[in-house]
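Please look at the structure below with its aromatic side chains in view. The report that follows takes up rings, charges and surface in turn.

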Amino acid sequence: MMVGNGMRIPALSHSPTTLERLRQLVPMGGVFLGLIFFSLALTPSLIPRNFVLQGILCGVAFAAGYGIGAFIEWLWGFMGLGFPNKRLSRAVLIGGLAAAALVALVFLWQSTGWQNAVREIMGLPPVESNQPVWVTIIALGPAAILIILGTIITAGVRAVSRFLAQAIPPRVALVGSLIIVGVLTNILINGVLARSVLSAADRFYAEVDALAGQYEDPPLHPLQSGSAASLIDWDTIGEEARAYVESGPSAEEIAAITGKPAIMPLRVYVGLRSAETVDERAQLALAEMQRIGAFDRSVLVLIMPVGTGWVDPPAIDTLEMLHGGDVASVAVQYSYLTSWLSLVSEPEVGTETARALFNAVYRFWTELPRDSRPRLYLHGLSLGAYASQASVSPYAILSDPFQGALWVGPPFESDVWRWATSSREPGTPEWLPQFEDRSAIRFVNQRRGLEDYDQGWGPVRLVYLQYASDPVVFFEPSILYRPPDWLEGPRARDVSPLLSWYPVVTFMQVLLDMVLAQTSPVGFGHVYAPQDYLDSWVAVTAPAGWSESELDMLRKRLTRHGSLASLGAGWFRTELQGASH
């Protein structure tokens with residue numbers, strides 16, 4: 001610098017402060033937004049979370065906020081923006097970080113009450129504490145891992161950009177590096193890692209399916225799948241299939257519980273290992289149905305199980321009770337993976353099987369005399385509902401339609417469900433829409449939507465049973481950037497009024513809810529109650545000989561003894577023992 005006599009003296013060097021050095025190492029914008037996302041992840045969603053899962057979610061949310069904040073900070077500098085002076089910049093930085101830290105502390109303190117609000121709605125006992133200290137400690141792990149991975153990817157972009165800048169303009173090199181690293185990362189994650197994980201999961205579940213129950217003796221009754229008289233080898237169906245085949249109520253149990261005459265229900269199950277191809281499995285199912293006389297029954301149901309091959313016991317048990325066992329049902333396995341994993345990775349996996357089964361059975365069914373053939377219905381839960389909906393072309397059955405369907409917990413990817421929901425009558429909520437005059441399609445939840453069981457129906461009765469708290473139904477990718485329609489207007493009684501939408505964070509919350517959907521109590525989330533199955537089947541199949549008082553008595557018994565899903569046929573025996581006293 002110049003002094004009065006014109007002499008130049010060296011300028012004093014400015015040593016960076018600790019805060020400035022920290023800013024050079026860590027993007028403070030990322031820390032700020034990471035803390036905000038961490039805080040918002042503590043708010044309630046559809047399914048209650050314990051402190052371990054809450055910590056994992058908070059760590060992932062912090063990493064997402066950190067990445068977005070770091071990008072915004074970089075973009076701010078890249079565009080040449082900034083504050084007028086360093087003092088103002090320092091004040092904004094310190095004030096922002098302090099405010100974000102305070103918000104995180106307040107939200108941690110509030111998190112127990114938020115989780116208890118969801119638990120109270122579902123009838124669960126409250127927790128004394130959501131362990132805020134442990135939530136914070138657990139969050140450090142996933143946050144660190146994801147931030148390190150993001151840092152590695154960022155370093156890769158910079159390295160490729162420097163290399164390209166030797167031959168092309170720097171800004172063009174930057175864009176090119178973003179594209180190159182993005183494509184390579186996508187190939188590595190989706191094309192290599194994801195496929196490897198899914199392949200390993202498929203092999204694991206396949207081995208479990210093959211080993212489960214291998215020491216169990218096959219059923220003795222010749223009308224059961226897997227028996228000595230059956231066309232289906234007992235060793236080719238896994239644990240879930242065996243439960244479906246063997247756990248159903250007997251004619252005596254149905255008669256005792258309903259007080260009405262009953263016969264033995266018929267159940268057919270074809271496993272993935274029962275035949276080589278989809279068409280062969282469908283034809284095997286048809287042949288087994290013909291063998292046991294399934295087409296001589298009054299009600300015939302084509303079931304698409306969930307991803308692992310499981311059929312929810314109360315779904316079919318309640319139908320068999322309503323019709324005195326005069327029911328034949330058939331299920332064909334199409335996957336070994338759990339439903340949520342199949343839904344995210346391969347939602348179309350069951351469609352081919354569902355179409356093959358429907359086409360094979362429908363073709364035979366239409367050749368039977370109309371006045372003596374069974375009434376034909378479709379059913380599916382979760383991914384099974386998705387596949388079942390896609391099995392039918394409405395134009396192919398116009399001349400000879402089947403009688404109806406009960407689709408439960410239909411995934412958000414379901415085309416027919418989405419079309420009917422988006423076409424709902426104005427003023428009706430997305431979580432319980434009304435489709436036109438309700439003569440063809442009805443949406444129901446916990447006893448709402450079925451006030452008039454048998455009135456106003458057309459020739460085909462389609463019922464969607466769905467809970468507003470079921471994330472499998474109401475998750476949608478667009479939650480990432482806009483609030484969902486099911487949060488507009490009045491809330492369903494099983495959704496907390498404290499649930500609010502936040503960009504990115506709510507997406508992660510509901511995605512985790514989808515994984516946890518079957519951990520909720522019966523009657524909430526993705527765990528459907530026997531009495532709701534019962535009411536839905538009454539609407540779909542219109543069983544004869546039941547008064548409202550008799551239905552109400554059966555409904556109360558279902559409520560009192562809990563879930564058939566967890567007890568299976570033991571529920572009937574419990575009721576029988578109670579009646580004998």
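## A buried ring and its partner

In this predicted model, Phe358 has a relative accessible area of 4%, and because buried means under 20% relative accessible area, Phe358 counts as buried. Tyr362 is likewise classed as buried, at 11% relative accessibility. Both residues belong to helix H12, which covers residues 351-366, and they are four residues apart, about one turn of the helix.

The structure holds 16 aromatic pairs, and one of them is formed by Phe358 and Tyr362, whose rings are stacked with 5.1 Å from centre to centre and 15° between the planes. Ring pairs also link Phe358 and Tyr362 with Trp365 and Phe402, so that these four residues are described as a cluster.

## A pair between two helices

A pair of aromatic rings is described by the distance of the centres and the angle of the planes. For Trp417 and Phe474, the centres are 6.2 Å apart and the planes make an angle of 70°, which is an edge-to-face arrangement. Trp417 lies in helix H14 (residues 415-422), whereas Phe474 lies in helix H15 (residues 471-474), so the pair ties together parts that are 57 residues apart in sequence. Trp417 is buried, with a relative accessible area of 5%, and Phe474 is buried too, with a value of 2%.

Gln466 is located in the loop between strand E7 (461-465) and H15, and with a relative accessible area of 0% Gln466 is buried.

## Charges over rings

Two tryptophan rings may be looked at together with a charged neighbour. Arg373 lies over the face of Trp365, at 3.7 Å from the ring centre, and Trp365 is one of the residues in the cluster with Phe358, Tyr362 and Phe402. In the other case, the charged end of Lys260 sits over the ring of Trp546, 4.9 Å from its centre.

Which residues make the nonpolar surface patch of about 870 Å²? The patch is made by Ile68, Phe71, Ile72, Trp74, Leu75, Trp76, Phe78, Met79 and Leu81. Among them, Ile72 is found in helix H3, which runs over residues 51-78. With 45% relative accessibility, Ile72 counts as partly exposed, because that class covers values between the limit of 20% for buried and the limit of 50% for exposed.

Methods. Residues numbered from 1 in each chain as written. Predicted model: local features only at pLDDT ≥ 70, side-chain atom pairs only at ≥ 80, totals over all residues. Heavy atoms only, no water. Patch = residues over 30% accessible without salt bridge, like charges linked within 9 Å, V, L, I, M, F, W, Y side chains within 5 Å. Areas by Shrake-Rupley, 256 points an atom, 1.4 Å probe, with all protein chains shown as cover. Salt bridge = Lys/Arg side-chain N within 4 Å of Asp/Glu carboxyl O. Buried < 20%, exposed > 50% of the residue type's maximum accessible area, 1.4 Å probe, protein only. Phe/Tyr/Trp six-rings, centres within 6.5 Å; stacked < 30°, edge-to-face > 60°. Lys NZ or Arg CZ within 6 Å of the ring centre and 35° of its normal.
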